[in-house]
Amino acid sequence: MKKPLLALIGLIFVGFLIDLSFDAFIQLTLIYVLINMILAMSLNLVSGFTGQFSLGHAGFMAAGAYASAFLSTIFPMNPGPMQFVYFLFYAIAGGAVAGLAGYLVGLPTLRLRGDYLAIVTLGFGEIIRVILLNTKTVGGARGMYGITGPTDFTLGSWTISKFLIGYAHAIFWVVACFVVIWRIIRSHHGRAFLSVREDEIAAEAMGIHTTQTKVRAFVLSSFFAGVAGSIFAHYANYLNPASFSFNRSVDAVIMVVLGGMGSLSGSLMAATIITILPEALRPLQEITGVDLRMVIYSLALILLMILRPKGLMGTKEVNEFWRKYVRKTS
Amino acid sequence: MRQLLITILCTLPFLAGCTKKSSNEIVIGQYGSMTGSEATFGQSTDKGVRLAIDEANAAGGIKGKKIKLVTMDDQGKAEEAASVVTRLIEQEKVVALLGEVASSRSLAAAPIAQSKKVPMITPSSTNPKVTEVGDFVFRTCFIDPFQGTVMAKFATENLKAKKVAILRDVKSDYSVGLADFFTAKLKELGGEVIEDVSYSSGDVDFKAQLTKLKTKNPEAIFIPGYYTEVGLIARQARELGIKAPLLGGDGWDSPKLSEIGQKAIDGGYFSNHYSNETTDPVAVEFQKKFKAKYNEMPDGLSAAGYDAAKVLLKAIEQAPDLSGAAIRDQIAKITGHDGVTGKISINDKRNATKSAVVVQVEGQTNKFVTTVNP
């Protein structure tokens, strides 16, 4: 945790190995895993750490995705070694738009609590989607296609594949999101988030402006959701408002709950499982001829929740387990 | 950070594997909405495609090899379509792809097929943009603007109408496209558009526009809209005493049309992909086989799926080898294929030029009237 840069370099090296040894389908799934990781971690900040139940995460992802895709039509990417910088720029802009949307949504709604908040965020998520559905400049219901994505390029005698660029970009944001949230939770802002989760009245009594605190968490969370959307837009090269329906918000909530509300490493694990499980079960459909995929997937979720009601990790992080069990025995 | 690394490393073997390949088989991939809110689209198409492939296998396969169809479900989601198509290409090593019904999902998958140089045929995506993605993407159905041309031909040749009025939906790309192409073709055939008025989808009162049309005494009225408004327009037109026949496109194709329009819409004509009442021997034969296999009548999507699969099989048979480029070249050369939905020829824009059927509304059923060739 102390050297995020080192971790980033290590992970990019892993990506290099993946690039050499696996086919494009696995690479695509891996990118989706990374996108879902960002989505789950960012939602965890609001739902897990701040204790506000939001059902509109897909809406912010959509805002970021469309903003970033639209920006790439105004400032077209230069296919070369600099493309990483372009993607970074698109992602930051997409995130900023999503963050702004989060601010506008959060300001009035975060005065609400519990179920009311869930319903209002759900409504706002849908509003963003419906606005996109009716905007001709981004394709409306037909969808936006031909969005610039990473391309292969040669650097001297080396060929950098488009996967590696997409992967490096995605992993950069996974690491950034992880480190930012990790550090914030351990700062005094983070303590404020946690206190709001534990007891709002007590937090207020201690002099914490609860609405402002919630809005802060919400904006940061929306920013990263927007970044996830931007990565999605440029790697899938196609956007359709239908991709950002209520179901995607629910997927994000499932990841957070499954991983453990308030555990970043839990979110990472859950995102990996939830993305890979349906794909890993696909061959089963061919063997049996019946679509058991979604049945098993749902059963797995139910079982997990029965056996581990607090999610995979609860509120703990992997390194705590590591210290407790692994270090002790060795 | 350690846990992240471990998570990723642990899941990699999970992802790998499950690739099987046999050299005695030609694998064709299909992606479609087998589940989800548009499940009937995918299932109908799949039935048609399977019928075509079973026939080919019963006849001994192609090049001495059996054909294997791998259908993957995209749940009606665009991002799933992209993911399953990547999977079909990378892991199932398909030689060609069939799909999708919805243009939006075809648009998501087409760039992948194009970049991997795997030919793709969509059976029923009519949006012109789909095949503009690249030279590996084809379709075996007509495109939206074509229907305008068909109806202009039908109006002048079958109805002998020279003075036609248009009532178009300005909010819809589809409607405006149809109306423009209708106008162009009608002028070419010596007809005349005497009045061109518009409405917006969602409107309920069309009396102002219809009164205007009535004063000009049109011989036919072309309404390229969707069934809800068309039904209302028909009723109000009859109330105003307009007796001219109403014409439209495949946006009319819904049981709701006669529910809304009731008696007023009876006798209206619209262009469609396929009609179960066709007398074309190929289509009759197809219906017989389809009924024997599934014990139900095929719908338009099954017919379109069957045709797309047939075209693909023909191309594979004629291709010197099984490379994507070889199959692509053969698909591009398809001319005069006797399909269930009409004679299919692939043009230089990789769209099918083929006939459309014109049907007449008669209560809940649509009566086959004629086939219009391009």
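## Briefing on chains A and B

In chain A, 80% of the contacts with a separation of 6 or more are between residues 24 or more positions apart. The model is predicted. Chain A has 14 helices and 4 strands, while chain B has 12 helices and 15 strands. Chain B also contains an open sheet of 5 strands.

**Chain A: overall form**

- The radius of gyration of chain A is 20 Å, close to the 20 Å that the globule rule gives for 330 residues, so chain A is as compact as a globular protein of that length.
- Taken along the principal axes, the C-alpha atoms of chain A fill a box of roughly 60 × 55 × 45 Å.
- Of the 330 residues in chain A, 50% are buried.

**Chain A: confidence**

- Chain A has a mean pLDDT of 87.
- A pLDDT of 70 or more is reached by 96% of the residues of chain A.
- Helix 3 (residues 57-74) of chain A has the highest mean pLDDT among the elements of that chain, at 94.
- Helix 14 (residues 318-329) of chain A has the lowest, at 69.

**Chain B: overall form**

- Chain B holds 12 helices and 15 strands.
- Its radius of gyration is 23 Å, close to the 21 Å that the globule rule gives for 374 residues, so chain B is as compact as a globular protein of that length.
- The C-alpha trace of chain B spans about 75 × 55 × 40 Å along its principal axes.
- Buried residues make up 54% of the 374 residues of chain B.
- For contacts in chain B between residues at least 6 apart in sequence, 66% join residues at least 24 apart.

**Chain B: the open sheet**

- The strand order is 2-1-3-4-5 in chain B, and the pairing is parallel.
- Strand 2 (66-73) and strand 5 (137-139) of chain B are the edge strands, each pairing on one side only.
- On average, neighbouring strands of this sheet are turned by 25° against each other, direction ignored.
- Strand 3 (residues 96-98) and strand 4 (residues 120-122) of chain B run parallel, joined by 2 bridges.
- B:Leu98 stands opposite B:Ile121, a residue in strand 4 of chain B.
- Helix 11 (residues 300-318) of chain B packs on the sheet and touches strand 1 (25-32), strand 3 and strand 4 of chain B.
- The direction of helix 11 of chain B makes about 170° with that of strand 3 of chain B.

Notes:
Residues numbered from 1 in each chain as written. Chains lettered and ligands numbered in written order. Predicted model: local features only at pLDDT ≥ 70, side-chain atom pairs only at ≥ 80, totals over all residues. Pairing = 2+ DSSP bridges. Axes fitted to C-alpha atoms, helices over the stretch in contact; angles between N-to-C directions. Contact = placed C-beta atoms within 7 Å. pLDDT = per-residue confidence, 0-100. Rg over C-alpha atoms; globule rule 2.2 N^0.38 Å. Buried ≥ 20, exposed ≤ 12 C-beta atoms within 10 Å, placed from the backbone.
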